[in-house]
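Please consult the sequence and the structure while reading.

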Amino acid sequence: MIPAAARPVAMAGGERTEARSPLAQLLHALNQPLTGLQCSMEVALASPRTVEQYVQGLREGLQLTERMRALVEAMREVTDFEPEKETEETTELISLLRETVRDLEPVAQTKDVRLSLDSASGSSSSSLLSSSLSVRVGRARLAVLLFRLLDAALSLAERGTALRIDAGSEPNLVWISVRWQAAGPRCGFSRPELGLLVAQAGFERSGAAWERERIEDGETVRIGLAAAAGGNFRSPAKS
């Protein structure tokens, strides 16, 4: 399970993401624009319309089609993730986190969001930057997933705030915690939200556990990965 050090203190008003899989959430979300497009076309055919009404209907149809394209694109990415095969390959997490943060620094500066790598409270490491945490996930796949996760979190973070990345370990387990101050209420399935769903699917296909929680305006994603020298990995317990 993901340790208490990686969990925020429970507060009234906190909410967790749905337990449904990313693909199930995307399929559910696709139903709304599909229904909207069908209704728009039925209204257009029900009785004669003015040119302006037809143009407005076409604009709305294009907007709905754009939403559907984004959802289908995310579904394709989710289904493209193959389950991680049994492999002896391991990846040193901290160095990869540092590389990913460096790659995203220009984006963070544009967004006026500070990227912060910290040691987690309760971790046996005195400094995250000097510690070594190895996980049983291929480096190429993990690099893609970390980039998608942090890039999406940056897009969702409030300007002038910090995006905090913690990591630590317990027996058989390495965990990552990413926290940010949300710029506003969740906006359905926006591009950043779709990016988080794609990252979630990739981590879960790699044998990781994923939790996302919102407390007031604070968002937290917690990920548990099998340690390189660890045994069986269990999903995090729900509180």
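**Overall organisation**

Among the contacts in the protein chain with a separation of 6 or more, 79% are between residues 24 or more positions apart, a contact being heavy atoms within 4.5 Å. This is a predicted model, in which local features need pLDDT of at least 70 and side-chain atom pairs count only at pLDDT 80 or more, while totals for chains, interfaces and linings use all residues. Residues are numbered from 1 along each chain as its sequence is written, and side-chain values use heavy atoms, with hydrogens and water left out.

Q: How many helices and strands does the protein chain have?
A: Helices (H or I, at least four residues) and strands (E, at least two) are DSSP runs, numbered from the N terminus. Along the sequence the pattern reads β-α-α-β-α-β-β-α-β-β-α-β-β. The secondary structure amounts to five helices and eight strands.

Q: What percentage of the residues in the protein chain is buried?
A: Buried means under 20% relative accessible area, exposed over 50%, and partly exposed in between (1.4 Å probe, protein chains only). Of the 239 residues in the protein chain, the buried share is 41%.

Q: Which helices do the buried residues of helix 1 pack against?
A: Helix 1 covers residues 22-46, and its end C-alpha atoms are 37 Å apart, in agreement with the 36 Å that its 25 residues should span at 1.5 Å a residue. That expected span is 1.5 Å times one less than the number of residues. The buried residues of helix 1 include Leu 26, Leu 30 and Leu 37. They pack against helix 2 (51-80) and helix 5 (191-205).

Q: Which elements do the buried residues of helix 5 pack against?
A: Helix 5 is largely enclosed by the rest of the structure, because 12 of its 15 residues are buried. Among the buried residues are Glu 193, Leu 197 and Phe 203. Their packing partners are helix 1, helix 2, helix 4 (139-156), strand 6, strand 7 and strand 8.

Q: Why is strand 7 largely enclosed by the rest of the structure?
A: Ala 209, Glu 211, Glu 213 and Ile 215 point one way from strand 7, whereas Trp 210, Arg 212 and Arg 214 point the other way. In a regular strand the side chains alternate between the two faces of the sheet. Strand 7 is largely enclosed because its buried residues number seven of the seven.

Q: Which residue in the turn between strand 7 and strand 8 has a positive phi?
A: Strand 7 (residues 209-215) pairs with strand 8 (residues 218-226) in the antiparallel sense over seven bridges, where pairing requires that DSSP finds at least two bridges. The two strands form a hairpin with two residues between them, and the positive phi, about 55°, belongs to Glu 216.

Q: Which residue in strand 6 stands opposite Asp 166?
A: Strand 5 (residues 162-170) and strand 6 (residues 173-181) run antiparallel and are joined by seven bridges. They form a hairpin with two residues between them, and Asn 172 in the turn has a positive phi of about 70°. The residue opposite Asp 166 is Ser 177.
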